[in-house]
Amino acid sequence: METPGSQSSLHRANLERVVRAVRLAGSLTQAEIARTTGLSAATVSNIVRELRDGGAVEVTPTSSGGRRARSVSLSGDAGIVVGVDFGHSHLRVAVGNLAHQVLAEESEPIDVDVSAAEGLDRAEELVGRLVESTGIGREKVIGVGLGVPGPIDVGTGVLGSTSILPGWSGINPREELSGRLGMPVYVDNDANLGALGEVVWGAGRGLRDLAYIKVASGVGAGLVINGRIYRGPGGTAGEIGHITLDESGPVCRCGNRGCLETFTAARYVRGLLDGSHGPGLTVPGMVRLAREGDPGCRRVVSDVGRHVGMGVANLCNVLNPQRVILGGDLAEAGELVLAPIRESVARYAIPSAARQLSVVHGALGARAEVLGALALVLSEMGDSTLLDGSSPSATPSFT
């Protein structure tokens, strides 16, 4: 039995601090672990040796600043995590290990109006197939991260009303998928997972205050404040698609008029080009034509960028993020959309906040949300399982 404040209790706490730092980062040098945890270099060295001998971490030679160093990551045998991302027209699943390596990944189209039961059945099938393809047993799955394009009620876990997946409104996706897979499931909306993915693997690495804005069938923001996803007490933080730009504008699905979404979301934007390009033009098609020089598509992309920039300016004035990362189909337009966003920020944001802000497109593209689902499991899982599962000859036994 540990006694609070005892030497064994302190040692256990230090073990968990090191494991947590490595788990969240994927891999760190020993010097980086010392800076992250506040532990001395000697203490970190001893703990890493203990964890390595117990099989919890792997240590490999690397270099840092031109000097030889040792990179520490969680053992590839410690377990695997699964990410599931439901989008407007796709289902994407990835399997990764605790060293942040993606072992298998696959995407398939899905009808946006599909029922929740059918969609979750397809997810169950794809998860099973990918886990099997890794050659790692299902008993090694620590958890599943699930992303859905709609607000999740923090208290009940129920998916709120959404016109993007109408057949899913009112269900508890965590319970539904967990029951099918027999595994722990963690759920969040797609914008929050996009933010997590970019923080761990992409354009947000090393930053503690940023916003990931996804412009697709809807418009949402994943907010990272002081290194953590901010969801708000009800789980609806980041719904910037419903900032009012024009109170006399088009009626939004939320019931208000002139929301940012009515000027930027795919179902509204596509209609602007029906007259010149015919019906059926998708947002990826519009972006491709804009990049090829089509004047009408360039104009629409630029207009959307200016409107998104007004929403970004509001974020700057309220939250003062270091960086805004643009995701979704529109991000593929690159500077054609980023430059107008920056122009609006310069015009509408507080000058000091605008000067500190960088606006970039995501580094992960369509993979941001499913990688964020992996990161969600990595961030939510505890460290005790990893420590208690290591060799008893190397790590003290605690009960």
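Predicted model: local features only at pLDDT ≥ 70, side-chain atom pairs only at ≥ 80, totals over all residues.
Let me start with the helix pairs. Two packed helices are described by the angle between their axes and the distance between the axes. Take helix α4, which covers residues 116-134, and helix α5, which covers residues 173-181: their axes lie 10 Å apart, and the packing angle is about 45°. That angle makes α4 oblique to α5, and the crossing of the two is right-handed. If you look for the side of α4 that takes part, you will find Ala-117, Leu-120, Asp-121, Ala-123, Glu-124 and Val-127, and these meet Glu-176, Leu-177, Arg-180 and Leu-181 of α5. Sorted by class, the residues of this contact are 6 nonpolar and 4 charged, with no polar ones among them.

The second pair is made of helix α2, residues 30-37, and helix α3, residues 41-53, whose axes come within 9 Å of each other and cross at roughly 115°. Here too the crossing is described as right-handed. On the α2 side the contact is made by Gln-30, Ile-33, Ala-34 and Thr-37, while α3 contributes Val-44, Ser-45 and Val-48. The class count for α2 with α3 gives 4 nonpolar and 3 polar residues, and no charged ones.

Now to the cysteines. How many disulfides does the structure hold? The count is 0. For Cys-252 the reason can be given from distance, because the closest cysteine sulfur, that of Cys-254, is 3.8 Å away, which is too far for a bond, given that a disulfide needs the two sulfur atoms within 2.5 Å. Cys-252 counts as buried, with a relative accessibility of 4%, and Cys-297 is likewise buried, at 0%.

Is Ala-265 buried or exposed? Ala-265 is buried, because its relative accessible area is 0%. Beyond its neighbours within four places in sequence, Ala-265 is in contact with Ala-216, Ser-217, Gly-218 and Val-219. The C-alpha atom of Ala-265 is separated by 9.4 Å from that of Val-283, which lies 18 residues away along the chain.

I will finish with the backbone. Asn-226, in the loop between β10 (219-225) and β11 (228-230), has a positive phi near 55°, and it counts as partly exposed because its relative accessibility is 49%. Asn-320, in the loop that runs between α11 (295-319) and β12 (323-327), has a positive phi of about 55° although it is not a glycine, and at 37% relative accessibility Asn-320 is partly exposed.

How values were computed
Residues numbered from 1 in each chain as written. Heavy atoms only, no water. Buried < 20%, exposed > 50% of the residue type's maximum accessible area, 1.4 Å probe, protein only. Axes fitted to C-alpha atoms, helices over the stretch in contact; angles between N-to-C directions. Helix = DSSP H or I, 4+ residues; strand = E, 2+ residues; numbered from the N terminus. Parallel < 35°, antiparallel > 145°, perpendicular 65-115°, else oblique. Left-handed = near helix turned anticlockwise from the far one by under 90°. Contact = heavy atoms within 4.5 Å. Nonpolar A, V, L, I, M, F, W, Y, C, P; charged D, E, K, R; others polar.
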